[in-house]
Amino acid sequence: MRQGRRVPGRVGAVSEYVAGRAQMGTSLGFHIVFAALGVGLPVLLMAAEGIGLRRHDQVWVDLARRWAKAFGILFAVGAVSGTVLSFELGLLWPGFMRYAGQIIGMPFSLEGFAFFLEAIFLGLYLYGWERLSPLAHWLCSIPISISGAASAWFVVTANAWMNSPAGFRLDHGVVTDVDPLAAMLNRGTPIETVHVMLSCYLATGFAVAAVYAAGILRGRRGALHRRGLALGLAMGAVAAPLMIVTGDINARWVADNQPAKLAAMEGQFQTEAGAPLRIGGFPDPGSHTTPLAIEIPAGLSFLAYGSTTAVVRGLDSFPAGSTPDPRPVHVGFQVMVGIGFFLLGVAALFLVLLWRRHRVPTDRPLLWALVASGFLGFTAIEAGWMVTEIGRQPWIVYGVLRTRDAITPAPGLVLSFVLSTALYVGLGLILVVLLLRLAAGTRRSEREAASDGIGETLPPPRRRPARGRQ
Amino acid sequence: MSPAVLDYAVAAILWSAVIAYAVFAGADFGGGIWDLLATGPRGEVQRRSVSRAMGPVWEANHVWLIFMITGLFTAFPATFATLAVGLYLPFSLAALGIVLRGAAFAFRAHARDVGREAFGRAFGIASAATPFVLGACAGAVAAGRVRPVGGDLLAPWTTPFALACGALALSICAGLAAAYLTVEEDALGHPALTEDFRRRALLAGGASTVIALVTLPLTRIEAPALLDGLLGRALPLTLLTAGLAIAAGAAMLRRRYRLARLAAAGQVAALLGAWAFAQAPYLVPPNLSVEGTAAQPQVIGALLVVYALGGALLVPSLILLFRVFKGRNPAAL
């Protein structure tokens, strides 16, 4: 197998390289939202429809029906944007795939099956309301939930491998002794997969809660809104503390295995015993300091290594060109952690009020905080993903293959980046408009049926389409 | 068992996925083509018919492509990398088409008025462009023009032969969709719509025949090795393709819709099978062979285990999906 450094031999190679990375970044950043919803929403569907069937309560079933409609659009966009990614692995990083395809192809192949099952049972779920018995219909949500979670697990094992390569040997630059199972179960896998999967439940739960918090703020206080809010928040509240715990485990794992990433995350330029924990601030590579940060003395040494006197390596101690840019990594890390604690606080406040009042709290400040949480959950996902990806640079496979050596030799990446970004922006805008319209449509039908007691109405029954003029 | 046998087993599974993608997702592309070309007093009804047929199954059908891509880069990484570099532009266009088609289809279901029309148009155009581009890529591969170096973005897939393959893919997708829709509309008791799609199936079949006959001399010029294979080792499959094409046309003429559907799907499978046999042992001629680019034996072995276990879950699930939405026994005549 041909391997080794490719010398960029064309004008503009640097901008092509940057464009290639940017395109992969936008594609992933776009897809990750839908992927997270694809993991989280089926669980909410399963819960809502399950409760509805068990209690013979149509409001819960209506919730599931509404979410299913939105999920139909979201899943479609997620499926096609995910397909683009599988193309882009080769289109942008043929050097990586030539090298790593056989090592990390296994989880992707497994993910293919999981995705297959998710698509099949989602087809049954979305179009089977009238064709399947209620129980059979509800049962379809189980394989969707399982395969959604499995997809996330498989894909993240591949990313964990890029951080923690295992399961192969290099013989004069040639990949040999491949052990696909060992590659999949690399040391980073348990740490990273659990954290990412929890983040999907967290962000989805808060996003759903946010939708209903916004509805209640606009005066719709029916049972459907309160239950939608409560169920979404229940999922978020379970995930929030676990996120903090697994986040801490991840940071300590990074400290042990990717010291340059940790230094970038913390804005640590100098090697230091008893390093402070910097909250906020903006790393300045010119002066090799991180000004404007609140420093907690010895905090970083303690959190990373369990000792207030532990030595934390700084970015300056690594050879030039082997460290990531600390600016996006540090800022991304602050954003992720900050949001994590904010969401935990919101969830805790909600639960305390719920427990004391025995009813879903609808205080306006709390509702506004919940609306913000809906956006913040996904912001945290994007930020965390930036931390791990940019923090790994300049490596695409940590310590083994540099990103620059994996980029495609094909020309035109700048144009490709511009066009694909425009496409994603357009798709995103259209999607937002359509989802808002979907919500508006259900509001209209609510007004029309305001006299039925709970202020809710069934969606129009799904009939076989009209026969048309025959 | 020698490792080479296992390499070929994986290659055969992946090629089967190509066939499944063509037979199932190809018809979804074809549905989009007929959506674009929907005309006459029943134009809007034809569009609804396409949407109704595609709705529950198109996402699952689409996954065959992902199955194929992930399998290819796992089992034959060098082949995957070469295809990605050599066909950079058309693959990018195909990815674009796939996004536009899927997103527009999903968006249209929830849009109104102007938006509905625009999404419908995007869905139709992307549904026509994507199989054309993928067919041209297939032509570039079959003619042995794909190279692992960037540079000329257009040359490999814009030769007359490759473009003819693109046109053939387009007409085949259209024909498949029309044939499938005759069965669906016939079962729903819509004689006029059934007749619309019957005419379209015959039209597409005629177009495919003409394009195939035009492609033949081009094959002689641009892909002589492929032609030798088609008329040599793969001759039985080549003849089967022709036979099934005639059978599909004859059955459609006689309004034997279910038979026509089966023959049309079989014809596509036979055609792709003939191509595979004709160019074996090469995945991407003239250099990249099954054995030459296969991953290490332990990867191939593990992948086969995954396919066996995954298939045990996948096949019953797929059957369930099609039984619920496409009638109890799609293969019955």
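Colleague: Hi! What percentage of the 333 residues of chain B count as buried?

Modeller: Hi! In chain B, 60% of the 333 residues count as buried. A residue is buried if 20 or more other C-beta atoms lie within 10 Å of its own, exposed if 12 or fewer, and partly exposed in between, with C-beta atoms placed from the backbone. Bear in mind that this is a predicted model, where local features need pLDDT of at least 70, side-chain atom pairs count only at pLDDT 80 or more, and totals for chains, interfaces and linings use all residues. Residues are numbered from 1 along each chain as its sequence is written, and chains are lettered from A and ligands numbered from 1 in the order in which they are written.

Colleague: Thanks. What is the mean pLDDT of chain B?

Modeller: The mean is 92, and 97% of the residues of chain B reach 70 or more; pLDDT is the predictor's confidence in each residue, from 0 to 100. For the complex, the predictor gives an ipTM of 0.91 and a pTM of 0.90.

Colleague: And how many helices and strands does chain B have?

Modeller: Chain B has 13 helices and two strands. Those are DSSP runs numbered from the N terminus: helices are H or I with at least four residues, strands are E with at least two. The radius of gyration of chain B is 20 Å, close to the 20 Å of the globule rule for 333 residues, so chain B is as compact as a globular protein of that length. That radius is taken over C-alpha atoms, and the rule is 2.2 Å times the number of residues to the power 0.38.

Colleague: Same questions for chain A, please!

Modeller: Chain A comes to twelve helices and eight strands. Its radius of gyration is 24 Å, which agrees with the value near 23 Å that a compact globule of 470 residues would have. Of those 470 residues, 52% count as buried.

Colleague: Moving on to the interface: how many residues of chain A are in contact with chain B?

Modeller: 59 residues of chain A are in contact with 59 residues of chain B, where contact means that two C-beta atoms, placed from the backbone, lie within 7 Å.

Colleague: Which helix of chain A gives the most to that side?

Modeller: Helix 3 of chain A does, with 21 residues. The side of chain A that touches chain B divides into 36 nonpolar, 17 polar and six charged residues. Here Ala, Val, Leu, Ile, Met, Phe, Trp, Tyr, Cys and Pro count as nonpolar, Asp, Glu, Lys and Arg as charged, and the others, Gly among them, as polar.

Colleague: Now helix 8 of chain A: is it mostly covered or mostly open?

Modeller: Mostly covered: eight of the eight residues in helix 8 (259-266) are buried, including A:Lys261 and A:Glu266. The cover includes helix 7 (223-257), strand 4 (277-280) and helix 10 (326-357) of chain A. After helix 8 comes A:Gly267, with a positive phi near 60°.

Colleague: Which residues are joined by a cis peptide bond in chain A?

Modeller: A:Gln393 and A:Pro394, with omega about 5°. A:Pro394 sits in the loop between helix 11 and strand 7 (395-397) of chain A. In chain B, the peptide bond from B:Ala280 to B:Pro281 is cis, with omega near 5°.

Colleague: Last one: what is the phi of A:Asp177?

Modeller: About 50°, a positive value although A:Asp177 is not a glycine. A:Asp177 is in the loop between strand 2 (174-176) and helix 5 of chain A, and is exposed, with 12 other C-beta atoms within 10 Å.
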